[in-house]
Amino acid sequence: MAISTFYIPSINVIGAGCLTQAVSVMQDHHFRHALIVTDSVLSQLGVVAQVQALLAAGGIESSVFDGTHPNPTCQNVADGLAILRARACDCVVSLGGGSPHDCAKGIALVAANGGEIKDYEGVDRSAKPQLPLIAINTTAGTASEMTRFCIITDEARHIKMAIVDKNVTPLLSVNDPQLMAGMPKGLTAATGMDALTHAVEAYVSTAADPITDACALKAITMIADNLRTAVEDGANPQAREAMAYAQFLAGMAFNNASLGYVHAMAHQLGGFYNLPHGVCNAVLLPHVQAFNAQAAAGRLKEVAAAMGIAVEGMDDTQGAEACIAAIRALAKAVGIPEGLRALQVREEDFPTLATNALKDACGFTNPVQASHAEIMAIFAAAM
């Protein structure tokens, strides 16, 4: 077995009401002035003010950058960095889902290493750790609050850059399900399917190991058991907490086993058309796994079992088909669009999308390496 390296934040707090613990950790580190990176929606909802009040009560000043886009851009990183430097912030607090976390990682990385965020595209391009990052999560899906992945849209090239760097791992992750109770149905569904994609891609990854397998399978079971309830009844505390744990487990899996072509392709759709990441993943997931079944049918059968499908008596091919059917059924049940056509994706863009997908670092651990024509065929099948 190859050598495995396991990345995770130093401190991770999960559970209802755990937000107050985060302030205690920040006090222990003697932080004085935090840049809160968030979006305009959380500002308007008063969540930012709530966090600022908690920080102030703990003797920590804060400044706010709430200009993060749903697909954060190089310009967002530059704008947040300007505030951080002007206010002499000594740490960064990201508040929200994957978008603020990724934007905050970009800001914290460039603050410590200089240059601009484009300089760090790829794997482990930075020289030193980012400014300390405290990631407070409000969605159950991306796991960006605990990973070494940072996805930033380069507006000039219309692509999403994958920055995979141990130095963007947050110091502290916070998953308080009470902050997730107000998530609308569509966002709950999209982020939940994102988490499922993380777990499935990590499980069939060529870099999987026994630790990531255990995390991935448990995440898959918890998502299959709880996502429908979380979407239909967002105030259900048990379902919200289960999804918080599930998405964290899925994050532990893919942070260390990496991902595959679902993410490599979804990043291109998001960068090109400014589409929501979780929805793109959910639409592509069954089609990419149908392609992967030629090499990973046995693993996909195990995914089906984790989703509660009775696979006894099935061979690997049948088990893989059952897995793909179960993924489709879950996506349909939570209201995910059935194809890319509903997202206004254009077939004439497939050659460019496929070219860029093959350059994405997430695809390097896919169980089957595809040709340009095969990636185009997967896009076409997903229409």
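Helices here are DSSP runs of H or I with at least four residues, numbered from the N terminus. With that in hand, look at Leu340, which sits in the loop between helix 11 (316-333) and helix 12 (350-357). A note on the source: this is a predicted model, where local features need pLDDT of at least 70 and side-chain atom pairs count only at pLDDT 80 or more, while totals for chains, interfaces and linings use all residues. Residues are numbered from 1 along each chain as its sequence is written, and side-chain values use heavy atoms, leaving out hydrogens and water.

Is Leu340 buried or exposed? Leu340 has a relative accessible area of 0%, so it is buried (under 20% relative accessible area, with a 1.4 Å probe and protein chains only). Leaving aside residues up to four places away in sequence, Leu340 touches Leu269, Val283, Leu284, Val345, Phe379, Ala382 and Met383; touching means heavy atoms within 4.5 Å.

Now hop over to Arg240, in helix 8 (residues 237-257). What does the side chain of Arg240 reach at 3.2 Å? That would be the backbone oxygen of Met180. Met180 is also among the residues Arg240 touches, along with others including Pro177, Thr188 and Gly234.

Notes. Helices (H or I, at least four residues) and strands (E, at least two) are DSSP runs, numbered from the N terminus. A polar contact is a pair of N or O atoms within 3.5 Å; within protein, one must be able to donate a hydrogen and the other to accept it, and residues adjacent in sequence count only if both atoms are side-chain atoms. Buried means under 20% relative accessible area, exposed over 50%, partly exposed in between (1.4 Å probe, protein chains only).
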